[in-house]
Amino acid sequence: MAITQLNSGLDVVFDAGRTFFHQKLDHFRKAQAKRRVYRATCHELSVLSDRDLRDLGIPRSNIKRLAMEAAYGL
């Protein structure tokens, strides 16, 4: 009887640890995906010529801000 109670207690601890780990892993993956969007947006806008950016109404100095808005919604 005591062994069963001990195992169920350990199962609770292990489940809590797995849940915590998976939450952190999920948070890391979401942050990584946002960073990927930021970098891709920066790159795509940076390779445009000044004329293309002017046609879009985007000053070159706003590229990082626009990338932050695209990735993080700031």
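Me: How many residues apart in helix 1 are lysine 30 and aspartate 26, and what separation in helical turns is that?
Reply: They are four residues apart in helix 1, so about one helical turn separates them. Helices here are DSSP runs (H or I, at least four residues; strands are E, at least two), numbered from the N terminus. This is a predicted model: local features need pLDDT of at least 70, side-chain atom pairs count only at pLDDT 80 or more, and totals for chains, interfaces and linings use all residues. Residues are numbered from 1 along each chain as its sequence is written, and side-chain values use heavy atoms, with hydrogens and water left out.

Me: What do lysine 30 and aspartate 26 form?
Reply: A salt bridge, with the closest N and O atoms 3.4 Å apart. The term means a side-chain nitrogen of Lys or Arg within 4 Å of a carboxyl oxygen of Asp or Glu.

Me: Is aspartate 26 buried or partly exposed?
Reply: Partly exposed, at 37% relative accessibility. Buried is under 20% relative accessible area, exposed is over 50%, and partly exposed is in between (1.4 Å probe, protein chains only).

Me: How many salt bridges in the whole structure?
Reply: Three. Glutamate 69 is partly exposed at 34%, and arginine 65 is partly exposed at 42%.

Me: And which residue does aspartate 50 form a salt bridge with?
Reply: Arginine 60, with the closest N and O atoms 2.8 Å apart. This pair links distant parts of the chain: aspartate 50 sits in helix 2 (residues 50-56), arginine 60 in the loop between helix 2 and helix 3, ten residues apart. Aspartate 50 counts as partly exposed at 48% relative accessibility. Arginine 60 does too, at 36%.

Me: Switching to rings. How many aromatic pairs?
Reply: One. Tyrosine 38 and tyrosine 72 form it, 6.5 Å centre to centre with 40° between the planes, and it is tilted. Rings of Phe, Tyr and Trp (its six-membered ring) pair if their centres lie within 6.5 Å; planes under 30 degrees apart are stacked, over 60 edge-to-face, the rest tilted.

Me: Which helices do tyrosine 38 and tyrosine 72 lie in?
Reply: Tyrosine 38 lies in helix 1 (residues 2-46) and tyrosine 72 in helix 3 (residues 63-72), so the pair ties together parts 34 residues apart in sequence.

Me: Tyrosine 38: buried or exposed?
Reply: Buried, at 12% relative accessibility. Tyrosine 72 is partly exposed, with a relative accessible area of 34%.
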